Amino acid sequence: MIADDIDFDPPPPPRRPLYRRKRVLIPLGIILLIIGAFLLLRTPDTDRDEMIAKYSGPAGAFVAGPAGQRIHYRDQGKRGDRAIILIHGANSSLQTWEPLVERLGETWRVVTLDLPGHGLTGAIPDTDYSAAGMIAAVDVVAAKLELDHFVIGGNSMGGWVSWRYALAEPDRVDALLLLDASGMPLRKGEKRPESNVGFRVLEYPFGRWLATRVTPRMLVEQSLRGSVEKQEIVDDAMIDRYWELLRFPGNRAATVMRTRMDREPAMAARVGEITAPTLILFGDKDRVINPSAAKTFNERIKGSEVVMLPGIGHLPMEEAPDATAKAIADFLTRRLAGQSPADPETR
């Protein structure tokens, strides 16, 4: 017989060793921290209508293209057939050209546009952000304005689009302006430039995924400051413009798509086919594209001219608008004087 007062409660389970609990709790804490940081830093798209009201301006207009594009553009300066079409670089907008519009507009008609996946144009239905898609956007605007020939120029990626346009439609190009343009291979013994933090983030798969969801204003500011030598031009209004327009609906996804597309580097071998008068203008402190690319362009494009701006970075039209506008005006005055731009035989 067993006594009634014997305790039959089972002994407590042994405690897990401390190191075993840490193996679970520490990774879990890290995951929760990452999720919390993501939710805290996540930046939504800006409001389409609000951005159009803020950044289009009285000169802004939209034109529909055959592939469903809705291209934002400005047509400013002196009316007539002496037209310059200027194309911005990656993650920029037509706003970058306003300093040159002010300086060249007295004698030239200056047309600027937001490329597909940029500015107030935003995403396009066919998601064609290749050179062909960018060229199509230029043609949509030119058709709207009834321009069958013009000077075309661009900065960085916009320079790449411009020389690709000169190859694709040579009879329409009166002259070509390449401002810190991309598309040339590295010269022998060269290394890739330092670039800016924004472009470096996009080199990695996780960075590309993150870029469509998290876009801190601080990152945009760091990217801008890494692109220019004249730091004083980077003010709050400029940072806000780049930050807000990058977050215009569809632009961040388009940016990621462009980083994965084929930039067709073999096309660089064809720039020697360009016959239009060509000005190559670079800042000698460019940290996004090696300034030596100016020499490569010059060697390959017969009759081209080079202007190097001392102490200037990747955005000469914003860092040194007076010197940039003067170089362009002097070049066009000399090279197009006495010519009929509509007649390809005079080029």
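Predicted model: local features only at pLDDT ≥ 70, side-chain atom pairs only at ≥ 80, totals over all residues.

Guide: Residues are numbered from 1 along each chain as its sequence is written, and side-chain values use heavy atoms, with hydrogens and water left out.

Visitor: What is the strand order in the open sheet?
Guide: Strands are DSSP runs of E with at least two residues, helices are runs of H or I with at least four, and both are numbered from the N terminus. Two strands pair if DSSP finds at least two bridges between them. Here eight strands form an open sheet in the order 1-2-4-3-5-6-7-8, with mixed pairing. Strand 1 (60-64) and strand 8 (305-309) are the edges; each has a single partner strand, so one side of each lacks a neighbour in the sheet. From one strand to the next, the twist averages 20°.

Visitor: In which sense do strand 6 and strand 7 pair?
Guide: Strand 6 (residues 173-179) and strand 7 (residues 278-283) pair in the parallel sense, over four bridges, and Leu178 sits opposite Ile280 in strand 7. Strand 7 also pairs with strand 8 in the parallel sense, over five bridges, with Gly283 opposite Leu309 in strand 8.

Visitor: At what angle do helix 4 and helix 5 pack?
Guide: Axes are lines fitted to C-alpha atoms, for helices over the stretch in contact, and angles run from 0 to 180 degrees between N-to-C directions. Helix 4 (residues 131-144) and helix 5 (residues 157-168) pack at about 80°, with axes 10 Å apart. That makes helix 4 roughly perpendicular to helix 5 (65 to 115 degrees; under 35 is roughly parallel, over 145 roughly antiparallel, the rest oblique).

Visitor: Which residues in helix 4 meet helix 5?
Guide: Contact means heavy atoms within 4.5 Å. Ala131, Met134, Ile135, Val138 and Asp139 are the ones in helix 4, and their counterparts in helix 5 include Trp160 and Arg164.

Visitor: Is Pro265 buried or exposed?
Guide: Buried means under 20% relative accessible area, exposed over 50%, and partly exposed in between, using a 1.4 Å probe and protein chains only. Pro265 counts as exposed, at 62% relative accessibility. You'll find Pro265 in the loop between helix 10 (251-260) and strand 7. Its C-alpha atom is separated by 6.9 Å from that of Gly183, 82 residues apart along the chain.
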